[in-house]
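This note is meant for a colleague who is opening the structure for the first time. The points are numbered so that each can be checked in turn.

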Amino acid sequence: MIKKFSILNPILKSLLYWVLFMLSLLIVGGLISPIFPELWERFIYGIFGTIAAIGITWLFVKGEGKSFREYNLVWKRNTLFNFSKGLVVGVILLLFIIGLLVLFSNIELVSSTQTWNIGNLFWILAIIPLALMEEIAFRSYTFLELNHRYGFRLTQWLIVIAFASYHIVQGWNISTAFFGPAIWAFVFGLGAIYSRGIALPTGIHVALNIGQQVFGMQGENSSAIWFLRHPEGSSAEAIARTDQVGLLAQILVLVLAIWANEFYIRKNQLN
């Protein structure tokens, strides 16, 4: 098996990796998750999806004749610290977007009327393995293989397209995938290369996804503590303005992310 994959083009290797990853998720979602109670579905999907991502990564890493350590997939002394930093960064970015919505549209932040208890927090934690499996699949082996051959700038764009496409296959519409996950992929990728691992981007990823649930940004759900809502009787123009502000906020994040990527590239004299 040694160096079996090393002769392949990094793009072909990455595509093969992602196809296997998607196939494994189909198996997890279609055969394994239904065995367990519906309440546990997200936990099961994330845990077994993470196991699948690790297994596929192991096959490719061994095929290169290398080790997980060479792809920054081992626990380090600063792993928990980087994950915590990622959580902070993710919270700041989410609050930045929410702040823009509240300040520049008529949307209001209101408390949820639903009963919330510590049990809700437990089910929210399913986001951790869900985010981790995606970071393993898109910011470890494939990311570093592409970066080694093509440099950080092109790698980011390739991963962005792949990450958006992955969400489209998962059922997202094209515009949502490219104005959501694709934009955040720039942030996750920068976090990965800056910290030399996936703990930091995983922390950002987790914070953003948990925050979206806590603020009711993923629809009505029992995990929401607050909701972003228009006042009763809001006009169509006011609602449209909120959509425009939300879109501009996402574009602003994209511009800042690309600028940060370019700044990092020039500072470190990367390609």
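Which residues does I44 touch, not counting residues up to four places away in sequence? Point 1 takes this up, with the reminder that the model is a predicted one.

1. Surroundings of I44. This residue belongs to helix α2. Residues up to four places away in sequence being left out, I44 touches V28, I32, S33, F36 and G49. I44 counts as buried because its relative accessible area is 8%, and buried means under 20%. L208 stands 164 residues from I44 along the chain, and the C-alpha atoms of the two are separated by 21 Å.

2. The nonpolar core. The largest nonpolar core comprises 62 residues, and Y17, F21, F138 and Y166 are those with the most contacts inside it. Helix α9 (residues 181-195) supplies the largest share of this core, namely nine residues. As general background, nonpolar side chains in soluble globular proteins tend to be buried together. For Y17, once its neighbours within four places in sequence are set aside, the contacts are A53, I56, T57, F60, I136, A137, Y141 and T142.

3. Helix α9. Of the 15 residues in α9, 14 are buried, and the helix is thus described as mostly covered. Its length agrees with expectation: at 1.5 Å a residue the 15 residues should span 21 Å, and the end C-alpha atoms are 20 Å apart. Just after α9, R196 adopts a positive phi of about 55 degrees.

4. Helix α7. This helix covers residues 152-169, 18 residues in total, and reaches 25 Å from its first C-alpha to its last, close to the expected 26 Å. The buried residues of α7 are F152, T155, Q156, I159, V160, A162, F163, A164, Y166 and H167. In an α-helix there are 3.6 residues a turn, so residues three or four places apart point the same way.

5. Aromatic pairs. The structure holds 23 aromatic pairs. One of them joins W40 and W123 in an edge-to-face arrangement, with 5.0 Å centre to centre and 80 degrees between the planes. The pair links distant parts of the chain, 83 residues apart: W40 lies in the loop between α1 (10-32) and α2 (41-63), while W123 is in helix α4 (residues 118-124). W40 counts as partly exposed because its relative accessibility is 35%; W123 is likewise partly exposed, with a relative accessible area of 26%.

6. A ring cluster and charges over rings. W18, F21, F138, F163, Y166 and F188 are linked into a cluster by ring pairs. Over the ring of F163 sits the charged end of R139, 4.6 Å from the ring centre. The charged end of R229 sits over the ring of F227, at 4.5 Å from its centre.

7. Is T242, at 7% relative accessibility, buried or exposed? T242 counts as buried because that value, 7%, falls under 20%. This residue lies in helix α11 (residues 236-267). The side chains of T242 and H230 are joined by a polar contact of 2.8 Å. Leaving out residues up to four places away in sequence, T242 touches L101, S105, N106, I107 and H230.

Note on methods. Residues numbered from 1 in each chain as written. Predicted model: local features only at pLDDT ≥ 70, side-chain atom pairs only at ≥ 80, totals over all residues. Heavy atoms only, no water. Phe/Tyr/Trp six-rings, centres within 6.5 Å; stacked < 30°, edge-to-face > 60°. Helix = DSSP H or I, 4+ residues; strand = E, 2+ residues; numbered from the N terminus. Buried < 20%, exposed > 50% of the residue type's maximum accessible area, 1.4 Å probe, protein only. Lys NZ or Arg CZ within 6 Å of the ring centre and 35° of its normal. Polar contact = N/O pair within 3.5 Å; in protein donor to acceptor, adjacent residues only side chain to side chain. Contact = heavy atoms within 4.5 Å. Expected span 1.5 Å × (residues − 1). Core = buried A, V, L, I, M, F, W, Y, C linked by side-chain atoms within 4.5 Å.
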